[in-house]
Amino acid sequence: MKRNFILLLLWAVALPLFAQTPVYLNSAAPLEDRVEDALQRMTLEEKVAMLHAQSKFSSPGVPRLGIPENWMSDGPHGIRAEVLWDEWYGANWTNDSCIAFPALTALAASWNPEMAALYGRSIGEEARYRNKNVLLGPGVNIYRTPLNGRNFEYMGEDPFLASAMVVPYIQGVQQNGVAACVKHFALNNQELDRDHINVQVSDRALYEIYLPAFKAAVQQGGAWAIMGAYNQYKNQHCCHNRYLLNDVLKRDWGFDGVAVSDWGGVHDTQEAIDNGLDMEFGTWTNGLDWGKSDAYNQYYLAQPYLQLLKSGQADEEVLNDKVRRILRLVFRTTMSPNRPYGSFGTPEHAAAGRRIAEEGIVLLQNNRNVLPIDLSEMKHILVVGENAVKRMTVGGGSSSLKAKYEVSPLAGIQARAGNAVRVTYVRGYESPAEREQDVKGAKDPQAKTIDAVALRTEAVNAAKQADVVLFIGGLNKNPGQDCEGADRAALELPYEQDLLIADLVKANPNTVVVIISGNAVAMPWVAQVPAIVAAWYNGAEAGNALAAVLFGDVNPSGKLPFTFPARLQDNGAHAAGDYPGDGRNVVYHDDIFVGYRWLDREKIRPLFAFGHGLSYTAFQYGKAVAGKSKITAADTLTVTLPVKNAGTRDGAEVVQLYISDRKASLPRPLKELKGFKKVFLKAGEEQTVTFTIDHAALSFYDDAKGAWIAEPGEFEALIGSSSANIKTKVKFTLQ
Ligand code: BGC
């Protein structure tokens with residue numbers, strides 16, 4: 001009785017307190033109610049303040065109302081180290097060394113959406129722990145040319161694959177109360193002239209190739225933020241591009257999140273106001289120049305906007321729409337009641353990175369079964385190449401990381417080989433940047449020059465003594481390689497690696513070439529080298545993951561997320577002479593024929609095809625059977641086939657479904673990826689793989705109608721182990 005009375009009394013005291021809690025602070029209130037309530041409490045100045053940066057990576061909250069600041073971080077492979085408030089220099093914190101995850105190319109090469117979910121969840125936890133509420137990633141710009149310096153941050157050449165992989169990544173990040181900021185919207189397919197080049201592309205290519213992964217990110221992934229691109233489209237910068245932001249993203253796709261500018265990607269206040277930009281960030285302190293004081297107030301969406309509002313030249317409702325979006329972001333992240341606490345630099349995250357890396361490594365060639373290496377048969381393993389020891393989590397531009405640790409390929413190989421086998425290392429070649437680093441402060445100017453011949457000779461002599469040679473080279477994250485801000489100069493490997501590889505394999509036929517890169521490279525020595533591995537930039541656990549594959553602890557199951565053309569001119573962007581444009585415009589004459597779509601049309605054999613990747617076991621594909629032979633537009637079609645692991649090792653195969661539209665009113669690619677399944681099969685095991693083909697899989701974008709259509713007629717489902725290795729086909733008719 002007495003207890004009830006006390007409870008009643010407490011309730012009577014507490015009720016008015018609850019009643020007074022503003023709706024925006026009531027975490028149980030519906031999101032839109034919180035947004036409206038906060039908005040109507042804000043002054044004009046407070047609203048405008050939220051629209052632009054206050055430091056390199058943060059923007060103001062509303063201090064008076066207790067609404068927190070927004071803190072962003074690159075992305076997309078780990079949580080970037082803290083930089084100074086106004087500068088790009090590291091702030092020298094000692095608690096910000098992250099787990100470096102594999103590059104997004106590696107993730108895409110896993111062809112496993114479960115790995116994307118694991119990646120997103122893990123990096124989201126790291127971001128959350130570091131109190132970031134926006135992760136600047138993932139990137140889903142389509143791989144159009146192998147020269148693009150930023151391909152390693154993206155998910156390959158195919159819109160279906162990139163869409164399937166980006167969705168779970170975003171969901172994983174956002175379940176931590178951290179927004180994924182998908183970038184760079186859109187058509188940012190080269191770094192050369194990136195800040196102004198105007199892309200001219202057909203509507204078909206835009207909708208069929210360049211937009212689908214963004215659309216999936218928004219509509220299926222539910223991304224809370226998106227970043228505009230530096231380049232132009234329709235002669236308007238993408239960060240304030242009316243068509244892309246207002247018409248496509250916000251109107252057609254119903255995006256209710258925040259459109260963030262790329263850093264320094266804004267060029268005009270009126271366009272930024274009118275054309276759908278919500279938040280402005282800057283590479284430079286005032287968005288334009290270096291080091292001006294009070295610079296953030298000079299941003300396009302700062303004082304200039306406030307003045308227009310105050311003088312009645314700008315409509316406050318347009319401002320309110322932007323602020324609503326930013327408030328939504330805050331309530332979804334920092335002020336969300338369901339926000340977990342995250343974790344940082346954990347062994348679990350490292351293990352997640354390793355799993356992703358192991359699933360993404362691609363065995364490109366394995367003649368004479370040189371791989372896996374049987375350690376019991378080895379006395380001496382020689383490792384050659386700068387990439388065996390070079391730190392790859394550093395460099396590459398904004399994705400550069402301060403990693404808690406990084407296991408180099410050499411360290412991984414040594415650790416796995418143990419004491420029973422002698423592992424020796426020679427450099428074989430050296431990159432100028434690394435050389436500079438090595439001889440820093442050296443008085444002798446000669447020390448700076450690289451004697452490539454001497455390095456090569458040393459490696460070749462050593463190769464003659466070894467049981468097996470592991471050459472570990474490729475590209476690196478230095479400018480002009482896989483690095484933001486510039487493109488590569490050529491498809492060929494740099495630093496005379498081709499000469500070295502050719503000499504090594506002559507000296508020792510048991511030479512394995514491991515290419516570490518985020519891009520395709522030419523391989524003039526492909527016929528001589530028995531085994532070739534694509535190992536990407538694999539983050540903290542790179543060396544361990546590579547060793548696990550080389551020595552057979554892990555059976556490789558990665559598949560290429562982009563084509564390796566034999567020559568640059570075998571790629572559509574280069575065949576037509578489009579790339580890199582005339583400095584002002586770049587015309588995409590390759591149109592919808594990007595990647596394998598081009599090679600298929602031109603009947604060009606790739607060096608290694610999109611979707612290609614070998615295993616240490618062998619898979620047998622049975623005959624594909626369609627559930628029925630005719631379908632209607634409202635229907636779906638089931639195609640099944642048995643796939644068997646016919647070898648003696650457990651392994652995984654990525655079974656790929658391509659659709660071929662045999663006759664259409666508009667040109668169509670010979671085939672397009674419309675489904676894939678990664679199946680794990682024990683030695684001897686057989687499984688039935690099922691694909692469901694829907695209307696979308698049969699459709700193309702009709703630019704005259706401005707709509708996706710599927711034309712009645714005959715189609716073919718092609719199922720195979722790569723885009724160039726179709727194992728079984730089945731025809732069906734759309735009525
Ligand atoms: C890059 C973005 C990055 C931003 C912040 C820009 O230069 O294009 O991808 O998120 O910098 O570092």
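How far is an oxygen atom of the ligand from an N or O atom in the side chain of Tyr 230? The distance is 2.9 Å, which falls under the heading of a polar contact (a pair of N or O atoms within 3.5 Å). This is a predicted model, in which local features need pLDDT of at least 70 and side-chain atom pairs count only at pLDDT 80 or more, while totals for chains, interfaces and linings use all residues. Residues are numbered from 1 along each chain as its sequence is written, and side-chain values use heavy atoms, with hydrogens and water left out.

**Ligand surroundings**
- An oxygen atom of the ligand also lies 2.8 Å from an N or O atom in the side chain of Arg 150, and an oxygen atom of the ligand is 2.7 Å from one in the side chain of His 184.
- Taken alone the ligand exposes 310 Å², of which the protein buries 96%, with accessible areas coming from the Shrake-Rupley method with a 1.4 Å probe.
- Of the 15 residues around the ligand (a heavy atom within 4 Å), those that come nearest are Asp 74, Arg 150, His 184, Asp 262 and Glu 484.

- Strand 1 runs antiparallel to strand 2 (residues 70-74) and is joined to it by 2 bridges; Ser 59 has Asn 70 in strand 2 as its bridge partner.

Key: A polar contact is a pair of N or O atoms within 3.5 Å; within protein, one must be able to donate a hydrogen and the other to accept it, and residues adjacent in sequence count only if both atoms are side-chain atoms. Two strands pair if DSSP finds at least two bridges between them. Helices (H or I, at least four residues) and strands (E, at least two) are DSSP runs, numbered from the N terminus.
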